[in-house]
Amino acid sequence: MLYKELQPADMYMIRLPYSFSDYDRQLLTLLYQPLVGAESISLYLTLWADGEAQNNEQSPHYQLMNVLGVSIGKIFQARIALEAIGLLRTWQKSENDGRVFYYELTAPLDAESFLKDPLLSMFLLGKIGENAYKQLRSRFIQPTNWNDGFTDVSRTFMDVFKPSSKTGNAVSYADDFQSKKRMESLPFYFDQFDFALLQEGLSEQLVPKSAMTIEAKEVIAKLAFLYNLHPVEMQKVVILALDDELHLSEARLKKACADYYKLTVSKTAPVMEKIEQSAKAVPEKSQPLSKEEELIHYLETTAPAVVLKDIANGKEPILADVQLANHFVTHFKMPIGVVNVLLQYVLLRTDMKLTKNYAEKIASHWIRKDVKTAKQAMELARSEHEQYIKWKSEGSKQKSYTKKPVREEKVPDWFYKKDEETKQSGEKTNGIQDIDQERQKLLADLNALKR
């Protein structure tokens with residue numbers, strides 16, 4: 001299901017409509033990070049840094065995987081969390097050679113707007129606790145009486161400047177430009193709330209329609225979502241929140257809803273949690289995964305650079321090998337799982353030397369065969385093993401006369417199936433081993449004759 005949403009070879013561009021500051025970094029770290037997690041904020045900061053250097057340039061998502069050191073699935077989960085919290089907007093376009101995503105970073109809400117929002121403030125309170133929440137409020141929100149005893153002596157514009165008799169160039173006011181206005185509230189779409197049912201139980205004399213402004217409706221919908229209240233229950237909240245002039249203020253709505261919730265539902269505040277998007281796409285299995293299934297999962301979800309490091313027993317791979325793996329993903333549009341199988345097979349077949357021509361020849365064969373998964377690549381490597389041996393021999397052009405002892409040829413662990421099916425009918429595996437043993441014997445006899 002993930003490949004329908006995002007692939008490592010998909011390209012992306014970044015747009016920064018605002019000039020971000022250190023204040024924005026503090027808001028992201030202290031207010032937003034407890035809500036969306038460290039991986040989402042890391043993705044935001046990476047796009048921020050990358051966007052300052054980009055000029056409508058396209059880059060593959062595989063680049064983000066290398067920078068963040070996470071799988072494409074983690075990047076997708078981090079992206080949708082940023083979209084939900086209002087920090088990112090995403091546009092998608094399909095082209096002949098793949099998809100392109102346009103990411104626009106949105107500036108975080110200022111501290112006052114964030115802490116006054118009923119959803120965000122309650123969400124943050126449940127994440128960090130009451131004491132830490134109070135400390136954040138005192139850090140970002142200054143007291144209103146800070147200037148008691150002082151008189152404002154600031155000069156106005158007209159006190160300092162006046163029109164001049166000199167003439168200058170005319171200014172055009174017809175230019176069309178986009179304002180860089182900062183977002184004032186969390187993007188929350190309240191169309192799903194049944195306002196018709198809410199107003200059915202409220203008479204015009206008791207709650208006039210003028211009181212149900214757009215701002216009041218947005219607060220009502222947010223509170224109903226936060227406290228999980230039905231429109232009929234919200235009728236009582238609205239009645240409690242009306243002031244003497246039959247107006248609905250945000251503060252009175254919040255207090256009335258909290259009081260009603262404590263009185264009728266629970267004295268403890270509600271808790272919000274993130275929806276796990278992968279729950280529908282990956283059904284749970286009652287039985288544990290077999291060794292081959294665990295291997296396939298590892299190959300499908302691990303970056304090729306990490307696989308190269310694992311093959312080398314934790315040693316950092318050389319830049320040329322990483323670039324070749326990146327080339328298969330970005331240029332040939334090969335899935336990551338298929339590239340990882342290719343790396344394992346070629347490295348173990350060539351004594352840990354990643355030969356470019358040999359790897360590209362096998363890769364082109366798999367592309368023509370339309371191999372999409374690691375399992376398909378493993379099956380094709382097993383069935384075409386003899387052919388790949390011939391390609392290796394043709395490419396290496398080894399000398400006929402050699403005094404080196406013949407070594408046993410290596411293949412990946414997955415080459416020989418070890419599941420129940422293979423155990424029941426082990427004739428195929430034994431047959432391949434017998435052929436290899438016979439071949440080694442013939443080569444040894446040939447070398448003895450030459451000596």
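Guide: Please keep in mind that this is a predicted model. Let us begin with helix α17, residues 319–330. Its twelve residues, at 1.5 Å a residue, should span 16 Å, and the end C-alpha atoms are 16 Å apart, so the expectation and the model agree.

Visitor: Which residues of α17 are buried?

Guide: A residue counts as buried when its relative accessible area is under 20%. In α17 this holds for Asp321, Val322, Leu324, Ala325, Asn326, Phe328 and Val329.

Visitor: What covers the buried residues of α17?

Guide: The cover includes four other helices: α4 (61–68), α16 (304–311), α18 (336–349) and α19 (356–368).

Visitor: Let us turn to the strands. What is the order of the strands in the open sheet?

Guide: The order is β2-β1-β4-β3, and the pairing of these four strands is mixed.

Visitor: How many bridges join β3 to β4, and in which direction do the two strands run?

Guide: Eight bridges join β3 to β4, which covers residues 98–105, and the two strands run antiparallel. They form a hairpin with two residues between them. Within this pairing, glutamate 95 is placed opposite glycine 98 of β4, and serine 94 is placed opposite arginine 99 of β4.

Visitor: How does β1 pair with β4?

Guide: β1 and β4 run parallel and are joined by five bridges. In this pairing, isoleucine 14 has tyrosine 103 of β4 as its bridge partner.

Visitor: How should I read a salt bridge?

Guide: Side chains of opposite charge can pair when their charged atoms come close. The cut-off applied is a distance within 4 Å between a side-chain nitrogen of Lys or Arg and a carboxyl oxygen of Asp or Glu. By this rule the count is 16 salt bridges.

Visitor: Which residue forms a salt bridge with arginine 15?

Guide: The partner of arginine 15 is glutamate 104, with the closest N and O atoms 2.1 Å apart. This pair links distant parts of the chain, since arginine 15 belongs to strand β1 and glutamate 104 to strand β4, 89 residues apart. Arginine 15 is partly exposed at 27% relative accessibility, whereas glutamate 104 is buried at 12%.

Visitor: How far apart are the closest N and O atoms of glutamate 218 and lysine 222?

Guide: In that salt bridge the closest N and O atoms are 3.6 Å apart. Both residues lie in helix α11 (residues 214–227), and because they are four residues apart, about one helical turn separates them. Lysine 222 is buried, with a relative accessibility of 3%.

Visitor: Are lysine 372 and aspartate 370 buried or partly exposed?

Guide: Lysine 372 is partly exposed at 48% relative accessible area, and aspartate 370 is partly exposed at 47%. These two residues form a salt bridge whose closest N and O atoms are 3.4 Å apart. Elsewhere, salt bridges with shared partners join Asp117, Glu218 and Lys222 into one network.

Definitions and conventions:
Residues numbered from 1 in each chain as written. Predicted model: local features only at pLDDT ≥ 70, side-chain atom pairs only at ≥ 80, totals over all residues. Heavy atoms only, no water. Pairing = 2+ DSSP bridges. Buried < 20%, exposed > 50% of the residue type's maximum accessible area, 1.4 Å probe, protein only. Expected span 1.5 Å × (residues − 1). Contact = heavy atoms within 4.5 Å.
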